[in-house]
Amino acid sequence: MVLIRSRWLLLSAAILSAGAEIIITPEPAQPAEGDNVTLAVQGLSGELLAYNWYAGPTLSLSYLVASYIVSTGDETPGPAHTGREAVRPDGGLDIQGALPGHSGTYILQTLNRQFQTEVGYGHMQVYEILAQPVVVANSTALVERRDTLHLTCSSPSPAEVRWFFNGDALPIAVRLGLSPNGRVLTRHGIRREEAGAYQCEVWNPVSVSRSEPVNLTVYFGPERVAILQDSTTRTGCTIKVDFNTSLTLWCVSRSCPEPEYVWTFNGRALKSDQDHLNISSMTATQEGTYTCIAKNPKTLLSGSASVVVKLSAATVIMTIVPVPTRPMEGQDVTLTVQGYPKDLLVYAWYRGPASEPNRLLSQLPSGNWIAGPAHTGREVGFPNCSLLVQKLNLTDAGRYTLKTVTLQGKTETLEVELQVARECAGGDGRGGSFQTRAPKSGESS
């Protein structure tokens, strides 16, 4: 047997004899890592003495896996034997628990009784069971149309790669660039509709593995800044509000992230940083232009919207409301004026009818306080036309008249009748009341 093996190895480089084609095919055809594989042989002819199996492109001793003597079943491992290979009596080669390293070209060399050799070639690809890849992003928060997205599919396996967006296969768009191996995805000038979950998948004929999603945020805006009334109705340029009613203005925009808000009233900043502004009780002092400024801290962009808020014409009626409503002797009372003219030039309070100048209590021309002949030292006027009377006594009871003059010269007169209750009346307040009336016919306005 030693003589046959020695001569067999010496003849491995001899001239090959003509014969039927030897065909080598792996079973299974696409083996996975860890499978038991057989390199099956077809086309063997004649009475054979021995086999040589090579794992390499040539009949080189360094590629020799094993030599096999048919008559005795004696197998001799070669330099390329990995400990997993075994030659079959029919010439096939069994590989136990094949690894990706077993992939490549295999050559079977046969020896017949005439000491002639034939060879057959085959190829086997052992596919790896793929580990989960990882998507690495240059950033997961980008600014629209300014930044570029780079995603890399990191995997130790030289497998095919495909990309997914929000769970669906990602089409190759015009602005999408892939590296030659498909592992680097690039989007120039990222857009908001491209925010979402990105995944890559590696695959081969026997295995597939998909990465965990990488969630991309795209910052944009603010755009289309607008002010809505009560969160539902889009306003125009002007909002008309009934006197003493509430109003909520909402600032809306298209923005990611939610913008920061600044509210101004007639150009003056208000202490509000929310997306809405509440006006609890509408008066003439709150008429004007309200502006919302939305600022995006990520894109560094801003936008604004403005509305004009006015009192409804039907409700701009001047009235006098007493506070408290039932004053008693020794108390203070404020004749609170509501709905006074917004273009007020001057107003005056009289103790009695306005036709008697000697009954003038006070007046406020252009913001300057002036005491009149009837002023007792206990009366104080305010810019909103209201009058405070301090420490009431019974002599304070009677008629009070307010006269206003606008910048256009329009004059309006309003009267209120004051009755002061005695302190000894038991505190029921029935003795004191206010009665407001317009001037009688013939009275001076």
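A residue is taken as exposed when its relative accessible area is over 50% and as buried when that area is under 20%, with partly exposed in between. In the predicted model described here, proline 373 has a relative accessibility of 61% and therefore counts as exposed. Proline 373 belongs to the loop that runs between β32 (370-371) and β33 (379-381). Leaving out residues up to four places away in sequence, the contacts of proline 373 are with Pro357, Asn358 and Leu360. For leucine 360, the separation from proline 373 is 13 residues in sequence, while the two C-alpha atoms lie 5.7 Å apart in space.

The mean pLDDT of the protein chain is 85, with 87% of its residues at 70 or more. Over residues 1-19, however, pLDDT stays under 50, and the model has 36 contacts beyond four places in sequence for this stretch. Where pLDDT is low, the predicted coordinates should not be read in detail.

An open sheet is formed by 9 strands, which follow one another in the order β5-β4-β3-β8-β9-β1-β2-β7-β6 with mixed pairing. The edges of this sheet are taken by β5 (74-77) and β6 (85-87), each of which has a single partner strand, so that one side of each is left without a neighbour in the sheet. On average, and with direction ignored, neighbouring strands of the sheet are turned by 20 degrees against each other. Within the sheet order, β2 stands beside β7, and the pairing of β2 (residues 37-42) with β7 (residues 93-95) is antiparallel and extends over 3 bridges. Leucine 39 has leucine 93 of β7 as its bridge partner.

The count of disulfides in the model comes to 2. In one of them, the sulfur atoms of cysteine 153 and cysteine 200 are 2.0 Å apart. The torsion about this S-S bond is about 65 degrees, so the disulfide of cysteine 153 and cysteine 200 is right-handed. This pair links distant parts of the chain, since cysteine 153 lies in strand β12 (residues 149-154) and cysteine 200 in strand β17 (residues 196-204), 47 residues apart. Cysteine 153 and cysteine 200 are both buried.

A disulfide also joins cysteine 251 to cysteine 292, with 2.0 Å between the sulfur atoms. The link of cysteine 251 and cysteine 292 is left-handed, with -85 degrees about the S-S bond. Because cysteine 251 lies in strand β22 (residues 247-256) and cysteine 292 in strand β26 (residues 288-295), the pair ties together parts of the chain that are 41 residues apart in sequence. Cysteine 251 has a relative accessibility of 3% and is therefore buried, and cysteine 292, at 0%, counts as buried too. When bonded cysteines are counted along the chain, the disulfides follow the pattern 1-2, 3-4. Elsewhere, cysteine 237 is exposed, with a relative accessible area of 65%, whereas cysteine 256 counts as partly exposed at 22% relative accessibility.

The largest nonpolar core contains 22 residues, among which Leu249, Tyr290 and Val309 touch the most other members. Two or more residues are given to this core by each of β19 (214-229), β21 (238-241), β22, β23 (260-265), β25 (276-279), β26 and β27 (302-311). The most is given by β27, with 4 residues. Beyond its neighbours within four places in sequence, leucine 249 is in contact with residues that include Ile227, Ile239, Trp263, Leu277, Tyr290, Val307 and Val309. A second, separate core has 21 residues, including Ala374, Val389, Tyr400 and Leu418. In soluble globular proteins, nonpolar side chains tend to be buried together.

The pairing of β21 with β27 is in the parallel sense and runs over 4 bridges. Opposite threonine 238 stands valine 308 in β27.

Key
Residues are numbered from 1 along each chain as its sequence is written. This is a predicted model: local features need pLDDT of at least 70, side-chain atom pairs count only at pLDDT 80 or more; totals for chains, interfaces and linings use all residues. Side-chain values use heavy atoms; hydrogens and water are left out. A disulfide is a pair of cysteine sulfur atoms within 2.5 Å. Buried means under 20% relative accessible area, exposed over 50%, partly exposed in between (1.4 Å probe, protein chains only). Contact means heavy atoms within 4.5 Å. Two strands pair if DSSP finds at least two bridges between them. Axes are lines fitted to C-alpha atoms, for helices over the stretch in contact, and angles run from 0 to 180 degrees between N-to-C directions. A nonpolar core is a set of buried Ala, Val, Leu, Ile, Met, Phe, Trp, Tyr and Cys residues joined through side-chain atoms within 4.5 Å. pLDDT is the predictor's confidence in each residue, from 0 to 100.
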